[in-house]
Amino acid sequence: MAEEQQNGCTSSDCAGCAHVGSCSSKPQDLREPANPFSKIKKVIAVVSGKGGVGKSLVTASLARMMREQGFQVGILDADVTGPSIPKMYGIHEKAKGDEAGIFPCEAKDGTRIMSVNLLLENESDPVIWRGPVIAGVVTQFWTDVMWGELDYLFVDMPPGTGDVPLTVFQSLPVDGVVIVTSPQDLVQMIVKKAFNMAKAMNIPVLGIVENYSYLVCPDCGKQISVFGVSHVDQAAEELGIPVLGKMPIDARLAEAVENEKFHEISNEYLKAAVNQI
């Protein structure tokens, strides 16, 4: 509270401004306007408290399933230092633009995609930028990209609760968050971090997706808990949010990623997630 008073804050909850500059009793609206040539109905952020849980796989799966249902869908790849979405869809050309903005690239199934890899001269070049610069690029993917008419824009977030997630939550009109995790002992703490950040920013958490939940033996059909017993149900119950799906280690999905043909796949493990969204 002392820090809040020093910053001029008279509210007991100043998460809306995150102590950026000074704050008042009413959280400041920092949302940026979308490009004039964008008309987006819903923005869904896919987040994780840590890396390596398959967040991009879940993002692409949700987008793909919505596309199969006939919705107009886009993916904003906010994981600037580790972009993987374009390659999953086999997109290697560079994004083009004009004085009105940048055109997203389009996958073979019609999914519109914007990623830093579509702007680099060489897609294997590392992105060695500081946090504020990366956050600025993500904001430009919202303000400068001409998304057109979309029913859903999925935002593939970088792991953690740093600059980029904060920028997305403050700058974009995010309608809901999907948390991605894995069945490990740290899951409850990691999920809580992502949940509490979304809650602090007044953004609804739609639920949790657990990846790497199990492996199905190809001979006997038995489910094997490769990464240990799942704790996701307990974590979800404690936070009062639903489990939207438990994804196994599925060679079919892995092959679609490696062969850059995610536009041909359907992930039936996330049907509940699609219904919730």
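How many aromatic pairs does the structure hold?

Guide: The structure holds four aromatic pairs. Rings of Phe, Tyr and Trp (its six-membered ring) pair if their centres lie within 6.5 Å; planes under 30 degrees apart count as stacked, over 60 as edge-to-face and the rest as tilted.

A note on the basis. This is a predicted model: local features need pLDDT of at least 70, side-chain atom pairs count only at pLDDT 80 or more, and totals for chains, interfaces and linings use all residues. Residues are numbered from 1 along each chain as its sequence is written, and side-chain values use heavy atoms, with hydrogens and water left out.

Take F71 and Y152. Their ring centres are 5.4 Å apart and their planes stand at 90°, so the pair is edge-to-face. F71 sits in the loop between α2 (55–68) and β2 (73–77), while Y152 belongs to strand β7 (residues 148–156), so the pair ties together parts 81 residues apart in sequence. Helices (H or I, at least four residues) and strands (E, at least two) are DSSP runs, numbered from the N terminus.

Y152 is buried, at 11% relative accessible area. F71 is partly exposed, at 28%. Buried means under 20% relative accessible area, exposed over 50%, partly exposed in between (1.4 Å probe, protein chains only). Ring pairs also link F71 and Y152 with F154 into a cluster.

Now Y212 and F227. This pair is tilted, with 5.6 Å centre to centre and 50° between the planes. Y212 lies in the loop between β9 (205–210) and β10 (215–216). F227 lies in the loop between β11 (223–224) and α7 (232–239). The pair therefore ties together parts 15 residues apart in sequence. Y212 is partly exposed, at 26%. F227 is partly exposed, at 38%.
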